[in-house]
Amino acid sequence: MALNFTIRNLSQTEDEKTFHVEQTEIKRVVNVGATYTPAVSEEGVISWTNDQELPNPDPVNIKGPAGPAPAVTVSKVGKVATVTIGTETFTLTDGADGDGTGDMLKATYDTNNNGIVDNAEKLGGKSASEFAAAVHSHEIADVNGLQAALDGKINTTYTLSITGNEIVLTPSSGDAQQITIPIATASALGLVKVGTGLAIAADGTISNAYSMTYSNGTLAITGPS
């Protein structure tokens, strides 16, 4: 096959894209030496690329419809299990029974009948109850994070102040804590304070501030002026 092409010379001022277009048209006509590479996506679509910048075939989905799930059946007669998957069938046979002549007798190795081999419950032939708990001590530094946990505890040294029915506890470090105690009523417990006719000693003892005497038919009451 003979092909005739006319390729004109380009001056330096002409657009080089023009020559590139002419080259592409020649390749499209000749179509010699192009290598097409296929690629298939996970969806089953095949597409093509080539090394000559030629048009590629349209992508095509080559994935067929999903086949039906095979039927699976299992049956067992005696020691033979029969398994059928679709049209394929195979069998599984149990192993031979033991002859019952072993020396692992329950009466010997599980005398307390708890389902556990007696010696499996022991350490060196001794039960766990025969080992006394070990007594030991550790420095605070031996326990990771213990010192930090102790440092974070609430300081138990407080300064107590009372204003009205409010008690304020102020620790040596940290925020003060305020406790409000209700005033006592006829039906509820609460704070009380010394009123008329009562006296309170230095130790907090409350007593009647009045005294009464009776002489010759006269009752005398004395108390705070």
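Q: What makes two residues count as a contact here?
A: Contact means heavy atoms within 4.5 Å. By that rule, in this predicted model, Thr-84 touches Ala-71, Val-72, Thr-73 and Thr-89, leaving aside residues up to four places away in sequence.

Q: What makes the pair Thr-84 and Thr-89 a polar contact?
A: The cut-off is 3.5 Å between N or O atoms, one able to donate a hydrogen and the other to accept it. The side chains of Thr-84 and Thr-89 are at 3.1 Å, so the pair is within the 3.5 Å limit. Thr-84 itself sits in strand E5, residues 80–85.

Q: Why are strands E1 and E2 called paired?
A: Pairing needs at least two bridges. E1 (residues 36–40) and E2 (residues 45–50) are joined by 5 bridges and run antiparallel, so they qualify. Tyr-36 stands opposite Asn-50 in E2. In this hairpin 4 residues lie between the strands, and Gly-44 has a positive phi near 85°.

Q: What share of the protein counts as buried?
A: A residue is buried when its relative accessible area is under 20%. Of the 225 residues, 6% count as buried. The accessible surface comes to about 19,200 Å², with 56% of that belonging to carbon and sulfur atoms.

Q: How confident is the predictor in this model?
A: On a scale from 0 to 100, the mean pLDDT is 76, and 79% of the residues reach 70 or more. Over residues 1–13, though, the pLDDT is below 50. Where pLDDT is low, the predicted coordinates should not be read in detail.

Key
Residues are numbered from 1 along each chain as its sequence is written. This is a predicted model: local features need pLDDT of at least 70, side-chain atom pairs count only at pLDDT 80 or more; totals for chains, interfaces and linings use all residues. Side-chain values use heavy atoms; hydrogens and water are left out. Helices (H or I, at least four residues) and strands (E, at least two) are DSSP runs, numbered from the N terminus. Buried means under 20% relative accessible area, exposed over 50%, partly exposed in between (1.4 Å probe, protein chains only). Accessible areas come from the Shrake-Rupley method with a 1.4 Å probe; for residues, only the protein chains shown count as cover.
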